[in-house]
Amino acid sequence: MDLSSFDKEYILRGLARLYRRKILPLEIASRYGHFSSPPLSPADFDAPPMILLLGQYSVGKTSFIKYLLGRDFPGIRIGPEPTTDRFTAVLWGNQDKVIPGAALCSQSHRPFTGLNPFGNNFLSRMEGSELDAPILRNVTLVDTPGILSGQKQRARNYDYEGVMKWFAERSDLIIIMFDAYKLDISDELKRVMHLMTPHSDKIRIVLNKADSVSTQQLMRVYGALMWQLGKVMNTPEVARVYLGSFWDVPLQNTDQAELLNREEMDLLHDIAALPQYAVMRRINEMVKRARSVKVHAYIIHYLRKQLPYTWGRREKQKRLIARLDAEFMAAARRYGLPKGDFPPLEPMRQALYEIKDLSEFPKLDKKFVREMDKVFSVDIPELLEKARHQ
């Protein structure tokens with residue numbers, strides 16, 4: 001759908017209002033935040049598109065951000081050793097400054113308030129970097145800690161994978177970076193890439209430092225990377241792979257200069273198009289979330305109905321959780337739920353084990369479900385029609 005003639009601000013405000021009135025009540029009643037992700041804030045709708053960068057250490061994530069900005073940013077740390085040990089949100093601001101994580105996640109006009117539940121250990125590893133760069137008026141860039149390979153992985157004192165999942169859900173583009181000499185995928189990177197599977201449409205792969213090898217070596221490196229990605233991503237189509245050398249020094253090997261230049265322009269065009277498609281992506285993400293919330297609410301409703309009214313409730317709940325895969329199938333059949341909308345089995349099982357008594361959940365109010373279904377069949381089409389005439 002072409003939204004160029006629509007009032008985008010009107011649509012985003014309308015989406016936030018629909019979420020608050022018709023999706024959030026079911027999230028709260030079914031405690032969706034405990035099982036998946038915290039509720040969305042108003043800033044999640046009107047914030048600039050977010051680009052998440054991840055990869056192993058020293059593959060050039062921070063240098064890539066510097067390349068896009070055309071300058072250094074406050075708090076930048078670049079080196080051959082693991083230098084980025086924190087999450088850094090690079091944002092537009094009138095003057096250069098670094099914002100500590102706790103302060104950044106307390107600002108209601110920023111889309112980071114949902115990170116507060118991850119606690120002080122995480123917030124001490126988060127910071128914001130404000131500067132006046134043209135690209136930041138349209139997008140926000142998020143640099144992540146470099147992932148160490150093999151046995152050198154460090155223990156983290158916060159829920160790293162939970163944080164990555166949070167960012168993946170709210171990002172408009174996920175760039176996974178490799179370089180020509182670091183194609184191995186560590187266990188931690190593999191787990192993070194599995195977390196990204198529901199967001200495969202957002203993923204782009206960048207093979208950085210492609211000028212550091214000869215043309216023949218580059219063909220072999222590209223083939224090896226595609227083979228590694230095919231093993232990890234488990235999809236028939238591997239994400240788009242861009243070749244490039246994203247830093248401010250001349251190319252080492254100019255044989256493929258024309259190819260690298262075209263690849264660079266393709267990637268920059270992909271990034272420049274994000275604001276144009278931001279509204280459609282917000283609608284798409286809200287639809288995906290609502291479908292997930294609906295399935296989650298019915299799962300809780302189904303499990304709750306299997307519990308006895310009197311004694312033996314705790315033992316029955318344990319048995320239900322132990323055979324959760326079979327209960328998923330039964331719930332899908334009973335309520336006509338798409339199996340593709342069901343949550344991953346093991347994380348759901350672990351979250352259920354933390355619930356003392358499922359019977360304490362309120363009874364499912366079908367009115368909430370009907371109102372949420374109307375969002376897609378009635379409310380969003382009406383919103384787009386009104387936005388056309390604003």
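**Notebook: overall form, a charged patch, one buried alanine**

I began with the overall dimensions of this predicted model. For 390 residues, a compact globule would have a radius of gyration near 21 Å, and the protein has 23 Å, so the two agree. Along the principal axes, I found that the C-alpha atoms fill a box of roughly 75 × 55 × 40 Å. I then looked up the secondary structure and noted 15 helices and 8 strands. On burial, I recorded that 51% of the 390 residues count as buried.

Next entry: surface charge. I wanted to know which residues gather in a patch of positive charge on the surface. They are Lys305, Arg334, Lys363, Lys366, Lys367 and Arg370. Which helix gives the most to this positive patch? Helix H15, spanning residues 366–388, does, with 3 residues.

I picked out lysine 367, a member of the patch, and placed it in helix H15.

Last entry: alanine 331. I located alanine 331 in helix H13, which covers residues 324–335. Is alanine 331 buried or exposed? I noted 2% relative accessibility for alanine 331, so this residue counts as buried, the limit being under 20%. I also checked the separation between alanine 331 and leucine 104: they are 227 residues apart in sequence. In space, I noted 41 Å from C-alpha to C-alpha for alanine 331 and leucine 104.

Conventions. Residues numbered from 1 in each chain as written. Predicted model: local features only at pLDDT ≥ 70, side-chain atom pairs only at ≥ 80, totals over all residues. Heavy atoms only, no water. Patch = residues over 30% accessible without salt bridge, like charges linked within 9 Å, V, L, I, M, F, W, Y side chains within 5 Å. Areas by Shrake-Rupley, 256 points an atom, 1.4 Å probe, with all protein chains shown as cover. Salt bridge = Lys/Arg side-chain N within 4 Å of Asp/Glu carboxyl O. Lys, Arg positive; Asp, Glu negative; His and termini not counted. Charge placed at Lys NZ, Arg CZ, Asp CG, Glu CD. Helix = DSSP H or I, 4+ residues; strand = E, 2+ residues; numbered from the N terminus. Rg over C-alpha atoms; globule rule 2.2 N^0.38 Å. Buried < 20%, exposed > 50% of the residue type's maximum accessible area, 1.4 Å probe, protein only.
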